[in-house]
Amino acid sequence: MNYKEEIIKLKKEKNVAILAHYYVRDEIQELADYVGDSYYLSKIGLKLDSEIIVFCGVNFMAECAKILSPHKKVLLPNTKAECHMVKLASKEDVLDLKSKYPNAKIVSYVNSSTDIKAISDACCTSSNAYNVIKNIDAQEIIFVPDKNLGNYIQKKLPEKNIILCNGFCCVHENIDAKSVLNYKEKYNSKITILAHPECNEEVRSLSDFIGSTGQMIEYVGKCNSKEFLILTEEGIMYELKNRYPDKIFHSLNIICEPMKCTTIEDLYNSLLYEKNEIILEESLIKKANNALINMLELASK
Ligand code: 13P
Ligand code: SF4
């Protein structure tokens, strides 16, 4: 079967939008209606009239789409697409911290469970964490779960006291500083290094620019350099190479398995049978919606 042709046919027949993150397989990014970083993908769902959203990314992203558009049917083509970081923090851990720091506001990275979002004052993504934390009406902030993003923002906002958790992304955390140093030496610093804020501190300190996937892609367009080392998941290369054919990109072949598990066949089945719908309790949706709406407001202040 020619899945690509069948998917294009199904898209025409049904009132459906395919959303994809920059980390998913190239052939899925090619077929998607909207491709972007977590922030862009959380906002775009709100603007669509499609009754069905097929979310090619990981679980928390599809859940965000459902929380922000509860009347829509949101499908996750492969249920194994679970972000590792989400599992590293529980609602109990966060409530425990809240009991120790009762005056602190809870800001949760979107890479967290809906349970955690439901007890958060606001959510954030890597592209808007700085604005959300800067603009939230509190000096003390419990930031959950990513210690690397939290630590990165703490350095930029010394006036805030950010209480960190122990979560991390095993894909970014394990990027080896030595490999980055080898590149620097080999290219005699004639290479621009871009890193995701989920990278560990040592790797971040060796980088020229730190930002979300979407911010990295934008940065390349504004930067005069010709050659780049990209320190995030390999899938971003698809957009970078398409958008900037005259520039040269190097990577360390970093793979996020949950992002790669969705195949074109899964996407086809999801469109055809409308299976793997995201179902969340209504009361949970309402509470988590509040935190996501606060994110959208604080991010744009
Ligand atoms: P972005 O918000 O940069 O797209 O990041 C999502 C993510 O999961 C990074 O690992
Ligand atoms: Fe989660 Fe890390 Fe994969 Fe991003 S790269 S989806 S944080 S496991």
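Reader: Which domains give residues to the shell around ligand 1, and where does that put the ligand?

Author: Keep in mind that this is a predicted model. Domain 1 and domain 3 both contribute residues to that shell, so ligand 1 lies between them.

Reader: Where do those domains run in the chain?

Author: Domain 1 covers 3–82 + 260–279, and domain 3 covers 175–253. There is also domain 2, at 85–168 + 283–299.

Reader: Back to ligand 1. Which residues surround it?

Author: His21, Tyr23, Asp37, Ser38, Asn111, Ser126, His172, His196, Glu198, Ser212 and Thr213. By class, that shell has one nonpolar, eight polar and two charged residues.

Reader: How far is an oxygen atom of ligand 1 from an N or O atom in the side chain of His21?

Author: The distance is 2.6 Å. For the side chain of His196, an oxygen atom of the ligand is 2.8 Å from an N or O atom. For the side chain of Ser126, the figure is 3.2 Å.

Reader: How much of ligand 1's accessible area does the protein cover?

Author: It covers 96% of the 300 Å² that ligand 1 has on its own.

Reader: And where does ligand 1 sit?

Author: In the largest cavity.

Reader: OK, ligand 2 then. What surrounds it?

Author: Its shell holds Tyr23, Val58, Cys83, His84, Met85, Asn111, Cys169, His172, Glu198, Cys256 and Met259.

Reader: How does that shell split by class?

Author: Seven nonpolar, three polar and one charged.

Reader: Switching topic. How many residues of domain 2 are in contact with domain 3?

Author: Eleven residues of domain 2 touch ten of domain 3.

Reader: How far apart are the C-alpha centres of those two domains?

Author: The centres of domain 2 and domain 3 are 27 Å apart.

How values were computed: Residues are numbered from 1 along each chain as its sequence is written. Chains are lettered from A and ligands numbered from 1 in the order in which they are written. This is a predicted model: local features need pLDDT of at least 70, side-chain atom pairs count only at pLDDT 80 or more; totals for chains, interfaces and linings use all residues. Side-chain values use heavy atoms; hydrogens and water are left out. A residue is near a molecule or strand if one of its heavy atoms lies within 4 Å of it. Ala, Val, Leu, Ile, Met, Phe, Trp, Tyr, Cys and Pro count as nonpolar, Asp, Glu, Lys and Arg as charged, and the others, Gly among them, as polar. A polar contact is a pair of N or O atoms within 3.5 Å; within protein, one must be able to donate a hydrogen and the other to accept it, and residues adjacent in sequence count only if both atoms are side-chain atoms. Accessible areas come from the Shrake-Rupley method with a 1.4 Å probe; for residues, only the protein chains shown count as cover. On a 1 Å grid over the protein atoms alone, a cavity is a set of points where a 1.4 Å probe fits but cannot get out, and a pocket is an open set with protein on both sides within 12 Å along at least five of seven lines; lining residues have an atom within 4 Å of a point. A molecule sits in a cavity or pocket if more than half of its atoms lie within 2 Å of its grid points. Domain bounds come from an automatic or database domain assignment. Contact means heavy atoms within 4.5 Å.
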